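Hello,

Here is the structure I promised to pass on to you. Have a look at it first, and then read my notes below.

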Amino acid sequence: MPIPTEIQNQRYMSLATFRKTGVAVYTPIWFAEDGGKLYFMTNEKLGKIKRLRNNSKVKIAPCTIRGKITGPEFDGTARILPPSDSTRARGLIKKKYWLARLPLLWRNSNTYVEITPTSS
């Protein structure tokens, strides 16, 4: 499935990851698009990475900077990228967000995730 048009070219995306109980945890994120996939960066110690290791299913939706969802939700599958595959994702995010180019702000963002949208 291609990237939903409601998410294409948005500044922020809501990412829902799931606890072991099935409860969704929503987080607004910066993301980049390439080849029908979405990429974001985060810190490996944060909860969303722990949740993704337990369950790769996610929900994505366009949102505001504060996380207010502004459109429909879509299903997806997330994959934590190995360090060897993260260079391209980092470049895409830096190209889209100039603040991502400042190393002091993002020095702890050491993990990159690829999301593949899936049909419901």
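**What I found**

The side chain of Thr111 comes within 3.4 Å of the backbone nitrogen of Glu44. Please keep in mind that this is a predicted model. Thr111 belongs to strand β7, which covers residues 111-118. Is Thr111 buried or exposed? Its relative accessibility is 7%, under the 20% limit, so Thr111 counts as buried. Apart from neighbours within four places in sequence, Thr111 has contacts with Phe40, Met41, Thr42, Asn43, Glu44, Ile49 and Ile80.

Now to the sheet. Seven strands make up an open sheet, ordered β2-β1-β5-β6-β7-β4-β3, with antiparallel pairing. At the edges are β2 (24-29) and β3 (32-34), each of which pairs on one side only. On average, and ignoring direction, neighbouring strands are turned by 35° against each other. Strands β3 and β4 run antiparallel and are joined by three bridges; in one of the pairs, Asp34 has Lys37 in β4 as its bridge partner.

Two helices pack on this sheet. Helix α1 touches β1, β2, β4, β5, β6 and β7, and its direction makes about 55° with that of β1. Helix α2 touches β3, β4 and β7, at about 120° to the direction of β3.

The largest nonpolar core has 26 residues, and those touching the most other members are Ile7, Met13, Leu38, Ile60 and Ile115. Among the elements giving two or more residues to this core are α1 (47-54), α2 (86-96) and β7, while the largest share, four residues, comes from β4. Beyond its neighbours within four places in sequence, Ile60 contacts residues including Ile7, Met13, Leu38 and Ile115.

How many salt bridges does the structure hold? There are three:

- Asp34 and Arg88 meet through their side chains at 2.9 Å, N to O. Asp34 is in strand β3 and Arg88 in helix α2, so this pair ties together parts that lie 54 residues apart in sequence. Asp34 is partly exposed at 30% relative accessible area, and Arg88 is partly exposed at 45%.
- Lys59 pairs with Asp75, with the closest N and O atoms 2.6 Å apart. This pair links strand β5 to strand β6 across 16 residues. Lys59 is partly exposed, at 27%.
- Glu114 pairs with Arg79, with the closest N and O atoms 3.2 Å apart. Glu114 lies in strand β7 and Arg79 in strand β6, 35 residues apart. Glu114 counts as buried at 9%, whereas Arg79 is partly exposed at 38%.

Best wishes

Notes
Residues are numbered from 1 along each chain as its sequence is written. This is a predicted model: local features need pLDDT of at least 70, side-chain atom pairs count only at pLDDT 80 or more; totals for chains, interfaces and linings use all residues. Side-chain values use heavy atoms; hydrogens and water are left out. Buried means under 20% relative accessible area, exposed over 50%, partly exposed in between (1.4 Å probe, protein chains only). A polar contact is a pair of N or O atoms within 3.5 Å; within protein, one must be able to donate a hydrogen and the other to accept it, and residues adjacent in sequence count only if both atoms are side-chain atoms. Contact means heavy atoms within 4.5 Å. A nonpolar core is a set of buried Ala, Val, Leu, Ile, Met, Phe, Trp, Tyr and Cys residues joined through side-chain atoms within 4.5 Å. Two strands pair if DSSP finds at least two bridges between them. Axes are lines fitted to C-alpha atoms, for helices over the stretch in contact, and angles run from 0 to 180 degrees between N-to-C directions. A salt bridge is a side-chain nitrogen of Lys or Arg within 4 Å of a carboxyl oxygen of Asp or Glu.
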